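Please open the structure in your viewer and keep the selection panel at hand.

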Amino acid sequence: MYGGPLMHSDDGAIEFDYVIVGAGSAGCVLANRLSADGKSSVLLLEAGPADTNLWIHVPLGYGRLFKEKSVNWMYQTEPEPGLDGRTVFQPRGKVLGGSSSINGLLYVRGQHEDYDRWRQHGNSGWGYDDVLPYFKKAENQQRGADDFHGVGGPLPVSDSRHADPLSSAFVAAAAETGIPVNPDFNGASQEGAGFFQTTTRRGRRASTAVAYLRTAKARANLQVETSALAQRILFEGRRASAVEYRKAGSLRTARARKEILVSGGAYNSPQLLQLSGVGPAELLRKHGIDVVLDAPGVGHDLQDHMQVRVVTRCAKPITLNDIVNHPVRRILAGARYAAFRKGPLTIAAGTSGAFFKTSPRLATPDIQIHFLPFSTDKMGEKLHSFSGFTASVCQLRPESRGSLRIRSADPAAPPEIRINYLAAEVDRTTNVEGLKILRKILQAPALRPYVVEEVDPGAKASTDEELLNYCRATGSTIYHPTSTCRMGSDPLAVVDQRLRLRGIEGLRVVDASVMPDLVSGNTNAAIIMIAEKASEMILEDVR
Ligand SMILES: Cc1cc2nc3c(=O)[nH]c(=O)nc-3n(C[C@H](O)[C@H](O)[C@H](O)COP(=O)(O)OP(=O)(O)OC[C@H]3O[C@@H](n4cnc5c(N)ncnc54)[C@H](O)[C@@H]3O)c2cc1C
């Protein structure tokens with residue numbers, strides 16, 4: 001723990017103005033902004049440890065953290081009917097910085113139309129023009145400020161520090177198929193092919209723990225407790241008054257004079273609410289939990305981006321596989337990173353990529369491609385012994401919906417996660433069409449000198465049916481679960497437009513769970529924006 005002395009109330013509980021559960025992408029932003037006045041006392045509870053694992057700070061280290069249980073919740077879905085009954089591994093950060101400490105570092109905001117859609121669905125204040133100032137406020141854009149980007153914010157956004165001919169050839173190949181080159185996926189329009197920017201600073205990861213928490217940690221009014229698992233929110237009537245948490249084997253209580261902010265992420269936030277008596281009444285009763293509020297939307301509407309990977313055998317020994325599998329080249333790459341923070345160790349979970357439409361009838365892209373100059377059998381596993389590269393298809397606006405439900409009243413038990421990948425017809429056709437367009441790119445002249453053959457799916461899939469079977473047999477997550485405590489005003493909406501839990505006082509949810517639906521891109525930037533906006537709303541609403 002760091003921060004000033006703890007204040008105890010008469011019953012032995014510690015007392016703060018704000019208690020934040022979860023020091024992830026959103027929680028660290030809140031902790032910084034709410035403690036900035038130097039007066040309001042803030043407690044930030046984090047179930048995981050401090051971010052001392054060295055691989056957190058090396059961009060390519062995400063491969064090492066993928067199954068590192070000291071910093072990862074390592075969830076699994078239930079058997080997925082649309083994926084041949086397979087369970088899908090769901091990594092989630094359990095460490096200061098949360099998933100922003102283990103993620104793929106890509107900085108992608110989504111489409112302007114995503115936020116305008118949120119507003120159209122009744123969430124006033126969340127249209128693109130409304131949220132752009134918060135993206136800019138967060139940002140320290142390496143390329144400088146413009147209409148879409150900000151400088152001077154806590155979150156560094158940088159260009160790649162590793163020139164890679166394959167990644168460039170992918171962009172050129174996409175252009176040859178008619179996809180325009182786009183130098184900025186977060187600018188006027190997302191559509192096109194280009195290079196991703198990352199949340200890094202001089203070749204090091206900028207998690208929200210690094211970008212937001214480090215600068216705030218000297219403040220005497222901010223306390224951060226690691227290895228502290230929030231087990232229950234306590235209520236006085238319909239007012240959330242305290243958080244009960246377990247640390248070092250003992251149960252402790254932290255009272256909130258002003259508000260409790262739940263930022264445990266799309267799986268843990270609805271889990272904590274259900275454990276606390278806020279959720280579908282039948283589920284809570286089944287597990288012997290007293291119902292504080294029958295809120296059927298808590299855990300409802302879970303959605304996620306799926307990815308389907310195409311692996312190509314490369315004609316030249318220039319892939320990361322060739323570097324990692326060669327002892328001398330591996331050592332040289334490590335030395336280069338140590339000396340200059342450049343080279344292959346700075347690679348994020350995509351170097352270049354593309355956003356395109358699978359049908360001219362669409363207004364905006366429905367597919368994102370992540371290109372990577374390496375290949376594996378499965379994400380997080382050993383690199384292939386041959387030279388290989390990967391490009392994955394990700395459908396941007398899936399219509400399949402799932403759920404998150406507690407399995408028992410035990411706060412340490414992992415929840416039951418059902419995504420229902422590929423349940424909706426449009427999700428099946430979009431993935432198949434996306435694979436067909438990706439194949440055209442991979443066969444375009446600019447990539448030809450590098451391609452020996454497509455390894456996966458290769459000859460195994462050529463018809464639509466075979467491609468769909470490939471999606472079912474190999475599809476996995478691209479790690480963007482959202483919307484389990486969705487913002488809105490319909491009966492299943494959990495929070496209102498100011499992220500206050502409907503029907504409860506003194507409690508907001510601020511994280512991926514509140515997205516009305518998925519944004520068309522990677523989720524970290526949007527969640528940081530949500531937390532920036534939430535901080536301002538909290539400071540306006542709470543006195
Ligand atoms: C492997 C991986 C790769 C990804 N790649 C990208 C990418 O390249 N670009 C991108 O934009 N997005 C990416 N994402 C997604 C993005 O990182 C997440 O959407 C985002 O970080 C989620 O933010 P959050 O605040 O909702 O939750 P999190 O950041 O997950 O934070 C939740 C925090 O709450 C803590 N917590 C939970 N329950 C409790 C409790 N009961 N008590 C105390 N603490 C608790 C957790 O330990 C965690 O630290 C990736 C995610 C993963 C896992």
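**Around the ligand**

Begin with the shell of residues around the ligand, which comprises 16 nonpolar, 17 polar and four charged residues. The model is a predicted one. Next, select Ser 25, Glu 46, Ser 99, Thr 523 and Asn 524, which come nearest of the 37 residues around the ligand.

Now select Asn 103, where an N or O atom of the side chain is 3.0 Å from an oxygen atom of the ligand. Move on to Gly 104: here a backbone N or O atom lies 2.9 Å from a nitrogen atom of the ligand. Then select Leu 105, which has a polar backbone atom 3.2 Å from an oxygen atom of the ligand. How much of the ligand does the protein bury? Taken alone, the ligand exposes 1000 Å², and the protein buries 98% of that.

Colour the elements that give two or more residues to the shell around the ligand: helix 1 (25–35), strand 13 (228–236), helix 7 (265–275) and helix 13 (524–541). Strand 13 gives the most to this shell, with three residues.

**A pair of helices**

Two packed helices are described by the angle between their axes and the distance between the axes.

Conventions. Residues numbered from 1 in each chain as written. Predicted model: local features only at pLDDT ≥ 70, side-chain atom pairs only at ≥ 80, totals over all residues. Heavy atoms only, no water. Near = heavy atom within 4 Å. Polar contact = N/O pair within 3.5 Å; in protein donor to acceptor, adjacent residues only side chain to side chain. Areas by Shrake-Rupley, 256 points an atom, 1.4 Å probe, with all protein chains shown as cover. Helix = DSSP H or I, 4+ residues; strand = E, 2+ residues; numbered from the N terminus. Nonpolar A, V, L, I, M, F, W, Y, C, P; charged D, E, K, R; others polar.
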